[in-house]
Amino acid sequence: MSFDTEHLRTLAAVVDEGSFDAAARALHVTPSAVSQRIRALEQQVGGVVVQRSRPCLPTAAGEVLVRLAGQVDALARDALVELGAVAGAQPGGRRRLAVAVNADSLSTWFPAALVGLPGDVLVDLRREDQDLSAQLLRDGTVAAAVTAERRAVQGCRVRPLGSMRYLALAAPDVRDRWFADPDPAPRVLADVLGDVPAVAFNRADGLQHAFVQQVTNARPALPLHYAPEQGAFVALLRAGLGWGMVPEQAVAAELASGALVDVAPGRWLDVPLFWQHWALRTPTLDDLTERVLRASRPLHRS
């Protein structure tokens, strides 16, 4: 079975834009043309490929086809570049790669992977929690992702990146008030961590709970502030609103100056990260993968 590339491209546009009308505007066609192409795909597949919701969402079959659409587009764009090089011509157009990256990687090691990126490559970075980014691979939204999922998503390859190390940090006065005992028993520490406010990135951020469970074997309900931006997150800690899990790489200056201190010395949380990408060999995706693997070397620990 072969698929019309325009039909695939139209489905990808509907999912990316969120509606048939928005997809029509993006593709410079009429909404009727979009509907006809989607219906043709559904007749070929023998089932619904997109939910007519707000926003439009792909069905399980639609996810497969959206991923296929992205792969076909990536292959075509890289082929055009290679053909231009063979002909001695200046390559035309630009190649775009959508990549999901968690916020802590974006604020620390990941930007180094993009230094010296070829001028004809455009990256579309999607900020997503490492525990959720694999879904963007499944539905074809991104071609690659930094994820906590070690099992390869269907149609993808997976490479280990090492581990992000998180420390439990707070302002000195918070440490002095709540964490006076430098080496409390796990049960005592669990009680303290259940009382003192914590700072979380958002409601999907489970690092604070994971740390408490790891060091105390308990899972108390935590009073939480939310700060969905790295700078604001650290600012809340420095302001004394509570404690929080922060990447070791991100706060070297604060630790050196004493603006933030470790409230549980000798304890930390290591979060393994993985690079998953389409099981597709294109020069652009291969180059980005090599860049990401080099940039992630500080995450490898002996």
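Let's start with a cysteine: Cys-56 has a relative accessibility of 5%, so it counts as buried, the cut-off being under 20%. One thing to keep in mind as we go: this is a predicted model. Cys-156 comes out at 10% relative accessibility, so that one counts as buried too.

Okay, on to helices. Two packed helices are described by the angle between their axes and the distance between those axes. I've got two pairs for you.

Pair number one is H2, residues 20-27, with H3, residues 31-45. Their axes come within 8 Å and cross at roughly 105 degrees. Angles from 65 to 115 degrees count as roughly perpendicular, so that's what we call H2 and H3. Who is touching whom? On the H2 side you have Phe-20, Asp-21, Ala-23, Ala-24 and Leu-27, and on the H3 side Pro-31, Val-34, Ser-35, Arg-37 and Ile-38. Sort that contact by class and you get seven nonpolar residues, one polar and two charged.

Pair number two is H8, residues 186-195, with H9, residues 207-216. Here the axes come within 9 Å, and the crossing angle is roughly 160 degrees. Anything over 145 degrees counts as roughly antiparallel, so H8 is roughly antiparallel to H9. The crossing is left-handed. If you want to find the contact on screen, look for Pro-186, Leu-189, Ala-190 and Leu-193 in H8, which meet Val-212, Val-215 and Thr-216 in H9. By class, that contact has six nonpolar residues, one polar and no charged.

While we're on H9, have a look at His-209, which sits in that helix. Is it buried or exposed? At 19% relative accessibility it counts as buried, because the cut-off is under 20%. Setting aside neighbours within four places in sequence, His-209 is in contact with Arg-219, Pro-220, Leu-222 and Leu-224.

Last stop is a loop residue. Thr-108 lies in the loop between helix H5, 103-106, and strand E4, 121-127. Again leaving out neighbours within four places in sequence, what does Thr-108 contact? The answer is Met-164, Pro-247, Gln-249 and Ala-250. Take Pro-247 from that list: Thr-108 and Pro-247 are 139 residues apart in sequence, yet their C-alpha atoms are 8.3 Å apart in space.

Note on methods
Residues are numbered from 1 along each chain as its sequence is written. This is a predicted model: local features need pLDDT of at least 70, side-chain atom pairs count only at pLDDT 80 or more; totals for chains, interfaces and linings use all residues. Side-chain values use heavy atoms; hydrogens and water are left out. Buried means under 20% relative accessible area, exposed over 50%, partly exposed in between (1.4 Å probe, protein chains only). Axes are lines fitted to C-alpha atoms, for helices over the stretch in contact, and angles run from 0 to 180 degrees between N-to-C directions. Helices (H or I, at least four residues) and strands (E, at least two) are DSSP runs, numbered from the N terminus. Angles under 35 degrees count as roughly parallel, over 145 as roughly antiparallel, 65 to 115 as roughly perpendicular and the rest as oblique. A crossing is left-handed if the near helix is turned anticlockwise from the far one by less than a right angle, and right-handed if clockwise. Contact means heavy atoms within 4.5 Å. Ala, Val, Leu, Ile, Met, Phe, Trp, Tyr, Cys and Pro count as nonpolar, Asp, Glu, Lys and Arg as charged, and the others, Gly among them, as polar.
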